[in-house]
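Dear colleague,

I would be glad if you could read them with the model open beside you.

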Amino acid sequence: MLARWVLKLGWDWDKILDYDDTLIPPADQRASVGMPDRAHFKAVGKLAVSRFVRECNLKPSETILDVGCGVGRIAIPLTSYLKTGRYEGFDIIPNSIDWCCQHISPQYPHFQFKLLDIYNPTYHPKGQLAAHEIPFPYPNDHFDFVFLTSIFTHLLPPDVEHYLAEIKRVLKPKGRCYNSFFLFNDQQQYSRSGLDFKYDFGHYRLLNLERPTDAISYREQYIYNLFQQHGLSISTVHYRKQDAIIAFK
Ligand SMILES: C[S@@+](CC[C@H](N)C(=O)[O-])C[C@H]1O[C@@H](n2cnc3c(N)ncnc32)[C@H](O)[C@@H]1O
């Protein structure tokens, strides 16, 4: 309760969301989500949680889904905030989920992690399942808040569509979601990421043709239309290095 008020008053986020450094995964695990530097790994996770609280009104009692949770970069600072709520995360990298199950869940049993054997050329080339065919392993109308940080930036259009449908399905009525993308439009041709998305497919652009999932940028209007088609109402868009779309069911 106190933590929530302090956050609302704009006190020191960094301190409130701080955690024991023994929870930080080793360098090879951090590298698997593109963030080998320890301090950076910690700071980015805390910043994400502070944004969820400030921009999405995340409460310590809510039920949360982290799609593509990686090695818990965001789950770990959430352990300092989510007191009576529950957290579920899934990912496709076996080592990442093993690490989370061994190091986070034993201390925080209300944090649970699942592995899905989904194919992604960048992250899990040996995966056996197609992302657009697999339902999220959770019931309908279950979560207050679903978030995807740096996930849609690695998914091709059929997978993006399927994941939006699944987000809608698992969210409770009026539940919210936070989704990061690399967006472009006629004015902002290359998104704000600074990445050189030089392979143009009209409504999306790729960084690397051989491994398309390395990074994908989407035309803003195409993504807005998909949210609408899948029954998710956009409440806010924050334009950033990774743009954030906040929506509700
Ligand atoms: C850049 S990392 C971000 C990880 C985490 N969200 C974070 O912010 O630390 C991208 C993650 O997306 C995961 N991923 C790739 N394809 C996925 C899919 N179809 N479903 C769920 N996760 C996926 C990868 O395994 C990897 O952990």
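Helix α4 (38-56) contributes the most to the lining of the largest pocket, with five residues; helices (H or I, at least four residues) and strands (E, at least two) are DSSP runs numbered from the N terminus. This is a predicted model, in which local features need pLDDT of at least 70 and side-chain atom pairs count only at pLDDT 80 or more, while totals for chains, interfaces and linings use all residues. Residues are numbered from 1 along each chain as its sequence is written, and side-chain values use heavy atoms, with hydrogens and water left out.

The elements giving two or more residues to the lining of the largest pocket are α4, β1, β2 (86-91) and β5. A pocket here is an open set of points on a 1 Å grid over the protein atoms alone, where a 1.4 Å probe fits, with protein on both sides within 12 Å along at least five of seven lines, and its lining residues have an atom within 4 Å of a point. The space in the largest pocket comes to about 1,000 Å³, the volume being that filled by probe spheres set on grid points joined across faces, edges and corners. Of its 43 lining residues, Arg73, Thr149, Ser150, His154 and Gln242 lie nearest the centre. By class this lining has 23 nonpolar, 13 polar and seven charged residues, where Ala, Val, Leu, Ile, Met, Phe, Trp, Tyr, Cys and Pro count as nonpolar, Asp, Glu, Lys and Arg as charged, and the others, Gly among them, as polar.

The second largest pocket holds about 180 Å³ of space and is lined by 13 residues, with Tyr119, Pro121, Ala131, Leu156 and Asp159 nearest its centre. Its lining has eight nonpolar, four polar and one charged residues.

Tyr163 is among the buried residues of α7, as are His162, Glu166 and Ile167. Residues up to four places away in sequence aside, Tyr163 touches Val67, Phe90, Ile118, Ala131, Phe136, Leu148, Phe152 and Leu155, contact meaning heavy atoms within 4.5 Å. In α8 the buried residues are Glu220, Tyr222, Ile223, Tyr224, Leu226 and Phe227, and what covers them includes α7, β5, β8, β9 (233-238) and β10. Glycine 231, which follows α8, has a positive phi near 75°.

Two further buried residues may interest you. Arginine 30, in helix α3 (residues 27-32), has a relative accessible area of 7% and, leaving aside neighbours within four places in sequence, is in contact with Ile24, Pro25, Met35, Pro36, Asp37, Arg38 and Phe41. Serine 50 lies in helix α4 and is buried at 4% relative accessibility; with the neighbours within four places again left aside, serine 50 is in contact with Trp13 and Leu17.

With best wishes

Note on methods. Buried means under 20% relative accessible area, exposed over 50%, partly exposed in between (1.4 Å probe, protein chains only).
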